[in-house]
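Here is a short report on one protein model. Look at the structure first, then read on.

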Amino acid sequence: NFKSNGRVSVLVGNPVNHYANQFKGTYVSHTECDNNDKEFAIKELNEFRDVLGQGYGPAMKENMNSIQVNHCIKFTMKIQEVYDQTPGPGAGKLISN
């Protein structure tokens, strides 16, 4: 619930090379997605399924089919901290604030 405490955390990662960053900050606003946003989210989800299927096998891709884009919102946040979440010795390190 964005509005309950105003804190937001988003993890962005690449399933191929495992590079990942976590963005922490505060909620600013949100709106419902329009049809273009929802189509974009579905396209990205399908590409994500394909990548996981290539890397982890067809069973993984099949398991991902249970995830659907039913309700879509987009939100704005003020980023206050960025952390490295790539597996390895730097995981959890503050990159920027």
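The backbone nitrogen of Thr-86 lies 2.8 Å from a polar atom of the Asp-84 side chain. A polar contact is a pair of N or O atoms within 3.5 Å; within protein, one must be able to donate a hydrogen and the other to accept it, and residues adjacent in sequence count only if both atoms are side-chain atoms.

This is a predicted model: local features need pLDDT of at least 70, side-chain atom pairs count only at pLDDT 80 or more, and totals for chains, interfaces and linings use all residues. Residues are numbered from 1 along each chain as its sequence is written, and side-chain values use heavy atoms, with hydrogens and water left out.

Asp-84 is buried (under 20% relative accessible area, 1.4 Å probe, protein chains only). Yet Asp-84 has no salt bridge (a side-chain nitrogen of Lys or Arg within 4 Å of a carboxyl oxygen of Asp or Glu). Lys-93, the nearest side chain of opposite charge, is 7.2 Å away.

## The sheet

Asp-84 belongs to strand β3, residues 73-84. Strands are DSSP runs of E, at least two residues, numbered from the N terminus. Four strands form an open sheet in the order β1-β2-β3-β4, with antiparallel pairing. Its edge strands are β1 (7-13) and β4 (94-96), and each pairs on one side only. Pairing takes at least two DSSP bridges between two strands.

Strand β2 (residues 20-32) runs antiparallel to β3, and eleven bridges join them. Tyr-27 stands opposite Met-77 in β3.

How values were computed
Buried < 20%, exposed > 50% of the residue type's maximum accessible area, 1.4 Å probe, protein only. Lys, Arg positive; Asp, Glu negative; His and termini not counted.
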